[in-house]
Amino acid sequence: MLIRIPKGWEIPEREAAAEDVYFSRRRFLRTTALGLGGIAAGCSMSTVNGMQVPGLSGLAALNATRNEKYVVPGRNVTPIEVTAGYNNFYEFTTDKERVAYLAARFKTRPWQVDVRGLVEKPFQFDVDELIKRFPLEERVYRLRCVEAWSIVVPWIGIPLAKFIEWAKPTSRARFLRMLTFYKPGEAVGQREQDWYPWPYYEGLRLDEASNELAMIVVGCYGRVMPNQNGSPLRLIVPWKYGYKSIKSIVRVEFTDRQPPTFWNKIAPKEYDFLSNVNPAVPHPRWSQATEEDVATRKRIPTLPYNGYGEFVAHLYK
Ligand SMILES: Nc1nc2c(c(=O)[nH]1)N[C@H]1C(S)=C(S)[C@@H](COP(=O)(O)O)O[C@H]1N2
Ligand SMILES: [Mo]
């Protein structure tokens, strides 16, 4: 049985455009999250470092080779209970500390992904086939949300460039469009927040998607990904604001025209197609010069391209 979000928690329509609606209430929510967890009877619960986070037990271990080329100097890896306990996944709720509870029983296996559009031959694959087909890499990346908070995560996945090679786009392909599931019966946020333009959709230019940093991610912290982080497969593009890193992908489409994106559709003046992390360009409603490390609660400077300029700046000359 899924939990019904109490009326008081729902966001009014006029505020729906604000990705940060509940951000300022985080400290309040942090203190109530454990109490609310009790409502989610039947969902599996793990205690990590004394904190309870659902969705962490029973995740299969993944065999991955750490790629030491990608390191995050001066910051520690964010503890798993923070990464898996504080999420943006609007398909479930806008309340970051309740995503883990509401996503705990979402079925992410078996999971088919459609590859279509400007490819030699459209096809479908199962996520576990993909995991068997490609060697998995572990990379520690920063994740910087547009709401000015950040975490550091050891993701496990496949370079998106390798996936693109496998998909065989035609010479006309210029962009990649990705889509999340639409399952209002299972995802309470899709059911009850019907003013959002579901399903979530994102896009990249093909040269961005082919950059060495872009990854199809299937796990983190040595295991299959917890549901709340976008299981069973998501995108990670660490030089862009977090909302570009679309979760729980069901379709990858190659196109010759720039695809629309979910957040741009909702608030075009606030969220553009490229969305590269840039401390010099404030969000219309707040500064992007600094960010809060969610684990330490310390404010730290935001870096151009989230610290990945050496890899990606040439794409935007
Ligand atoms: N399908 C989908 N993907 C999504 C989101 C979402 O609401 N739905 N939120 C985005 C935002 S705003 C951020 S910051 C990251 C958060 O990823 P995390 O919860 O694993 O930290 O996921 C992104 N991908
Ligand atoms: Mo975000």
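**Exercise 1. Find how many helices and strands the protein has, and how much of it is buried.**

*Solution.* Start with the secondary structure: the protein has 9 helices and 15 strands. Helices (H or I, at least four residues) and strands (E, at least two) are DSSP runs, numbered from the N terminus. This is a predicted model, in which local features need pLDDT of at least 70 and side-chain atom pairs count only at pLDDT 80 or more, while totals for chains, interfaces and linings use all residues. Residues are numbered from 1 along each chain as its sequence is written, chains are lettered from A and ligands numbered from 1 in the order in which they are written, and side-chain values use heavy atoms, with hydrogens and water left out.

Next, turn to burial: 57% of the 317 residues count as buried. Buried means under 20% relative accessible area, exposed over 50%, and partly exposed in between (1.4 Å probe, protein chains only).

**Exercise 2. Work out the strand order of the open sheet of 5 strands, and which strands stand at its edges.**

*Solution.* First, read the order: β5-β4-β13-β8-β9, with mixed pairing. Two strands pair if DSSP finds at least two bridges between them.

Then look at the ends. β5 (123–126) and β9 (201–205) each have a single partner strand, so one side of each is left without a neighbour in the sheet. From one strand to the next, the twist averages 20 degrees.

Now take one pair. Strands β4 (residues 112–117) and β13 (residues 249–255) run parallel and are joined by 4 bridges. Here D114 stands opposite R251 in β13.

Helix α5 (residues 160–167) lies across β4, β5, β8 (175–180), β9 and β13, and runs at about 135 degrees to β5. Contact means heavy atoms within 4.5 Å. Axes are lines fitted to C-alpha atoms, for helices over the stretch in contact, and angles run from 0 to 180 degrees between N-to-C directions.

**Exercise 3. Describe the largest cavity and the largest pocket.**

*Solution.* A search of the whole structure finds 2 cavities of 30 Å³ or more. On a 1 Å grid over the protein atoms alone, a cavity is a set of points where a 1.4 Å probe fits but cannot get out, and a pocket is an open set with protein on both sides within 12 Å along at least five of seven lines; lining residues have an atom within 4 Å of a point.

The largest cavity has a volume of about 300 Å³. Its lining has 23 residues, of which N88, F89, R234, G242 and K247 are the closest to its centre. Strand β7 (residues 149–159) gives the most to this lining, with 3 residues.

Key: Points joined across faces, edges and corners; volume = space filled by probe spheres on them.
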